[in-house]
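Please examine the sequence and the structure shown below. The report is intended to be read alongside them.

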Amino acid sequence: MRSHKKLTTTAAALMVSAFIGGNAWAAKYGSPISEADIAAWDIDISTSTGEGLPEGKGTVAEGAKIFAEKCVACHGEKAGGGEMYGSMVGGIGSMTKPKRKLTPGSMYPYAPILFDYVRRTMPMESPQSLTNNEVYALAAYIYNLNGLVPDNATVNADTLRKMKMPNRDGFMTDDRPDVTSTRCMTNCPELEPILKK
Amino acid sequence: MPEKEIVSPVTAGITSQADAERLQFEQRRNFLRNSAAFTGAALAAGAAGSAPAQAAKLAVNKSNKEMGREIEPAVYGMPSKFEAHVKRRRTDVLKNKQHWSDWSMTPIHQQPGITTPNGLFYERHHAGTPDINPDEHALVVHGMVKQPLKFSMDNLMRYRAKSVFNFMECSGNTLTDWQQAKATTVQQSHGLLSCAQWTGVPLSTLLDEAGLDSGAKWVLLEGADGSAHARSIPIEKCMGDALIVYAMNGEALRPENGYPVRAFLPGWEGNVCVKWLRRIKVSDKPWHLRSETARYTDPMPEGKWRQFSMTMECKSVITRPSGGMMLQGPGTYEIEGFAWSGNGTITAVDITTDGGKTWRRADLEGPILDRCLTRFRYTWDWKGGPAKIASRAVDNTNYVQPTITDIAKKRFTSGFVQHHNGIFPWSVSEKGEVKNAIA
């Protein structure tokens, strides 16, 4: 097989270098390509600024129609949860409750996250098939169901960029090791469950 | 062996599956002990158990008296038909309603060495496994670089390769078992864990070739699968030990593990090691995608969420005896398991057999490698009464594996909670039944 042959060659080169040492040099094997030629792959949105959001727009009403055609089977009526997945509506204010409800409305710190995610992954059986206008319309519909844009809203790059999401300030960066434990060997406290019986 | 053979909870006596599994493992252990592979292995000298019964008189093996199977002209070898029960399995503890964004778990209790066979390496995908033709696959590096570049697989394989032994663990490993004992077996509780020798090109080689712009701080890794799964990675990791790998355990990556090429970030959670890698984009800030805000974040007190907690901290678990197994009466038993740390090497593993009151050092079996599964062994003289056994690992940063109650002092543990590295106890009943004792 092609790759096996190549691996063998690479392994042999590695062995030689291990014995002799210091014979590696900065080989360059990449082919130059222009950003224009990468455009079809360049789908990411830098969600904190909206950088990468394309031209286009969509309304809540258009989003409702697309949702009914392409999304409702898995996500349920009005995105309230369906055959495959749970609700995408509500949960705002639940982060300090014992049970947090995670939805695009309650969880996302930046509104463009929904555009980025829907465009790259949805619908699950035909991802990257939606037009940018359709993705904007679905974002309008989902955020409307979450009470974050009005019924008559038209959503585009600018509106997504300017939306202030409820969980904007809900994040912190990695602060671990946050847990410290002692290496007790004798007369230690017994292991116990988190929830006391 | 039936298709569905998740080890069921031990009821009266022994379930056939648990029994069969135990006997098969016993036979294999004895075989391995007597083979050259285990010569010199650190098998602790245990206390004297009950005297073994006299073995029966031997007859000549049937296999000694006939020719075996002939060598085929070209074949990919498969395990013995008698090992058909050793399988990667979806869990039925947390059942997804579809199996494209789902996971399957490694039978770590059936893994004698520290490397996981490729066919048993755990899986986690977000839109199923694509079958990608390497001749048609390309990887691009662009964004804040001086020259955007495209690499074919042939291009990538021309660079000087690097191989490393490292574990990989899903950030969600053990997440069903914080507050309640949900998993029956260690495969279900800890099977989103595997270990391999990875071979590829340092990511820094590709970024250096493209030339980073000043101010480059974060890098997006994106897959060519149906989810185009993507994560933001700090530039320090990318210019440090991050690899772009095309092989594991001496052969090309398996499709479910990212064929033909994936990222591998030693010591970090599996989902950042983006599979079917097609695009690397450099920026001055993280992207804050769904996969790093609404998912793969840790719930913290006061409604907060912790982001970018990607290192898998020091952890261990006893794989034998473990949930669903049955001890066959009082006597000596080998306790064994794995310890690992995304921050370095394992320096010690302690074992308790009395529910945490006293701990004794286990033997560590070499090689003890940086961010790699490390095998521990401990001989236990079980007197026959109820017992609770657990392991506790320490790494070379002097981090001590915490109890779940230690973790719960600092973190919120209700819901779909990642990064469970708590000490995991198994209870042993008077009859010898081994069960999940996390709660």
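The following sections describe the predicted model, from the overall make-up of one chain to individual residues.

## Overall make-up of chain B

The model discussed here is a prediction. In chain B, the secondary structure consists of six helices and 23 strands. Chain B has 439 residues, of which 50% count as buried. Of the contacts in chain B between residues at least 6 apart in sequence, 73% connect residues at least 24 apart.

## The two domains of chain B

Chain B is divided into two domains: domain 1 covers residues 123-306, and domain 2 covers residues 315-436. The centres of domain 1 and domain 2 of chain B, taken over C-alpha atoms, are 29 Å apart. To the contact between them, domain 1 of chain B contributes 27 residues and domain 2 of chain B contributes 25 residues.

On the side of domain 1 of chain B that touches domain 2 of chain B, at least two residues each come from β5 (162-169), α3 (186-190) and β13 (298-299) of chain B. The residues of this side of domain 1 comprise 14 nonpolar, 11 polar and two charged.

## The contact between chains A and B

The contact between the two chains involves 79 residues of chain B and 68 residues of chain A. Within the side of chain B that touches chain A, helix α6 of chain B (residues 404-408) gives the most, with five residues. Sorted by class, the side of chain B that touches chain A holds 38 nonpolar, 22 polar and 19 charged residues.

How much of α6(A) is buried? Nine of the 10 residues of α6(A) are buried, and the helix is therefore largely enclosed by the rest of the structure. The buried residues are A:P112, A:I113, A:L114, A:F115, A:D116, A:Y117, A:V118, A:R119 and A:R120. These buried residues of α6(A) pack against α5 (104-107), α7 and α8 (157-162) of chain A.

Helix α6 of chain A spans residues 112-121 and helix α7 of chain A spans residues 132-145; their axes come within 9 Å and cross at roughly 125°. At that angle, α6(A) and α7(A) are therefore oblique to each other. The crossing of α6(A) past α7(A) is right-handed. From α6(A), the residues A:L114, A:F115, A:V118 and A:R119 meet A:V135, A:Y136, A:L138, A:A139 and A:I142 of α7(A). By class, the residues of this contact of α6(A) with α7(A) are eight nonpolar, no polar and one charged.

Most residues other than glycine have a negative phi, and most peptide bonds are trans. The cases in this section and the next concern these two points.

Where does A:P123 lie in chain A? A:P123 is located in the loop between α6 and α7 of chain A, and the peptide bond from A:M122 to A:P123 is cis, with omega near -10°. Another cis peptide bond links A:R176 to A:P177, with omega about 5°. A:P177 is placed in the segment after β4 (171-173) of chain A.

## Positive phi values in chain B

B:Y296 is a residue other than glycine with a positive phi, near 60°. Is B:Y296 buried or exposed? Because B:Y296 has 22 C-beta neighbours inside 10 Å, B:Y296 counts as buried.

B:E302 is not a glycine either, and its phi is positive at about 60°. B:E302 is found in the loop between β13 and β14 (305-307) of chain B. With 9 other C-beta atoms within 10 Å, B:E302 is exposed.

## A loop residue of chain B

B:Q54 is situated in the loop between α1 (16-34) and β1 (102-104) of chain B. B:Q54 counts as exposed because it has 6 C-beta neighbours inside 10 Å. B:Q54 and B:Q110 are 56 residues apart along the chain, and their C-alpha atoms are separated by 28 Å.

Definitions and conventions
Residues are numbered from 1 along each chain as its sequence is written. Chains are lettered from A and ligands numbered from 1 in the order in which they are written. This is a predicted model: local features need pLDDT of at least 70, side-chain atom pairs count only at pLDDT 80 or more; totals for chains, interfaces and linings use all residues. Axes are lines fitted to C-alpha atoms, for helices over the stretch in contact, and angles run from 0 to 180 degrees between N-to-C directions. Helices (H or I, at least four residues) and strands (E, at least two) are DSSP runs, numbered from the N terminus. Angles under 35 degrees count as roughly parallel, over 145 as roughly antiparallel, 65 to 115 as roughly perpendicular and the rest as oblique. A crossing is left-handed if the near helix is turned anticlockwise from the far one by less than a right angle, and right-handed if clockwise. Two residues are in contact if their C-beta atoms, placed from the backbone, lie within 7 Å. Ala, Val, Leu, Ile, Met, Phe, Trp, Tyr, Cys and Pro count as nonpolar, Asp, Glu, Lys and Arg as charged, and the others, Gly among them, as polar. Domain bounds come from an automatic or database domain assignment. A residue is buried if 20 or more other C-beta atoms lie within 10 Å of its own, exposed if 12 or fewer, and partly exposed in between; C-beta atoms are placed from the backbone.
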